[in-house]
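Dear colleague,

I am handing over the structure below, and I would be grateful if you could look through it with the notes that follow.

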Amino acid sequence: MTDTTGKESGTILVVDDEESIRTMLRLGIKLSGFQCFVADGPISALQTLDQNDVDVVVADIKMPDMSGIELARIIKSRYEADVIIMTGYVDDFNYEDIVQQGASDFIQKPVRIAEFIARLKRVLSERASKTARLKALSDLKLNLDKLQRAMEGIVHAMSVAVEMRDPYTAGHQQRVAHLTAMVAREMGLSEDDIFGLRMASEIHDLGKITVPAGILAKPGRLSELEYELIKSHVRSGYDILKQIEFPWPLAEIILQHHERMDGSGYPQGLKGSEILLQARILSVADVFETIASHRPYRPSLGLQRAIDELTDNKGILFDEDVVAVFLRLVEEKRFPEFDN
Ligand SMILES: [Fe+2]
């Protein structure tokens, strides 16, 4: 390991009951530029570890109170330090034990100081790259989380912007997003796909910003031209979003949310499985929410009307499996906000 000035850095703890070994190793370690503590046995070694940040412990395998292997096991369970075990020619041990207890390396006595320092440096450098890897991973995760939160925030802001222009349907997209996420989870979609579908649902009417506000708010029947303008919201939403490289097919889901299973929907007249599953879920949730929830200009048409609409049109306009899950959730009273 090297510090920012390019000098070797690292804190080593030598544990041996023989003073001559401690002295020799400490000298070699210090001459190599590392900081060094010594301990005459496992008990004082653990005390040193409690009070200092140690990178590597070099422990004799044979000590009076506790073996080096037992000490390695305790160190690996309580501290971050790596362990190198020193073994004697005549010591009774097996290498598997040493490795299993978490030691990073071992060295045979009598220790040749040059070889010892080389091994020590290798353990330190592996340790440094492991730390760097872990840090890079956690930075990456942090950045991903930040990015995801920013994306949620942006999508939410877009959703609020659409609904500010169209107060008659305030909260509609949020409620639809909640429904699609529940149904998708129930249908076993991955958490990632559910997240994407939730984002798409929150802004599924984004294209309505291109429809004149007067038409959106117009009570009563619409002329054919006005209806065509409203229908164009799916294509506009798609056009606004298609340039953004979302990790999910947000633009396509929105483009397809008025397609119907029998091909009678718009804008492309897609049929059955030509329509993305996410769009099939969104279309059911969209219709259900529109019928079952209150609007400022009218009370709810009623949960029963919404149930009838789905039941009558399952397999015709709406995906049968999606409707089945939807109706089961209604039956289980999982959408209490629509219980009226
Ligand atoms: Fe729509």
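A residue is called buried here if its relative accessible area is under 20%, exposed if it is over 50%, and partly exposed in between, with a 1.4 Å probe and protein chains only. The model is a predicted one, in which local features need pLDDT of at least 70 and side-chain atom pairs count only at pLDDT 80 or more, while totals for chains, interfaces and linings use all residues. Residues are numbered from 1 along each chain as its sequence is written, and side-chain values use heavy atoms, with hydrogens and water left out.

**The iron site**

The iron ion has as its protein donors Asp 205 (OD), His 233 (NE2), His 257 (NE2) and His 258 (NE2), at 2.2 to 2.4 Å, where a donor is an N, O or S atom within 2.8 Å of the metal (3.2 Å for Na, K and Ca), and the site may look incomplete because water is not among the atoms. Along the sequence these donor residues follow the spacing D-x27-H-x23-H-H. His 233, in helix H10 (residues 233-241), and His 258, in the loop between helix H11 (250-255) and H12, are 25 residues apart and link distant parts of the chain; helices are DSSP runs of H or I with at least four residues, numbered from the N terminus. His 233 is buried at a relative accessible area of 2%, and His 258 also counts as buried, at 15%.

**The aromatic rings**

Searching the whole structure gives 4 aromatic pairs, a pair being rings of Phe, Tyr or Trp (its six-membered ring) with centres within 6.5 Å, stacked if the planes are under 30 degrees apart, edge-to-face if over 60 and tilted for the rest. One of them is the tilted pair of Phe 288 and Phe 335, with 6.0 Å from centre to centre and 55 degrees between the planes. Because Phe 288 lies in helix H12 (residues 277-292) and Phe 335 in the segment after helix H14 (320-331), this pair ties together parts that are 47 residues apart in sequence. Phe 326 and Phe 335 form a tilted pair as well, at 5.4 Å centre to centre and 50 degrees between the planes, and Phe 288, Phe 326 and Phe 335 make up one aromatic cluster.

**On the surface**

Leu 144 lies in helix H5 (residues 113-165) and, at 51% relative accessibility, counts as exposed.

Note on methods
Helices (H or I, at least four residues) and strands (E, at least two) are DSSP runs, numbered from the N terminus.
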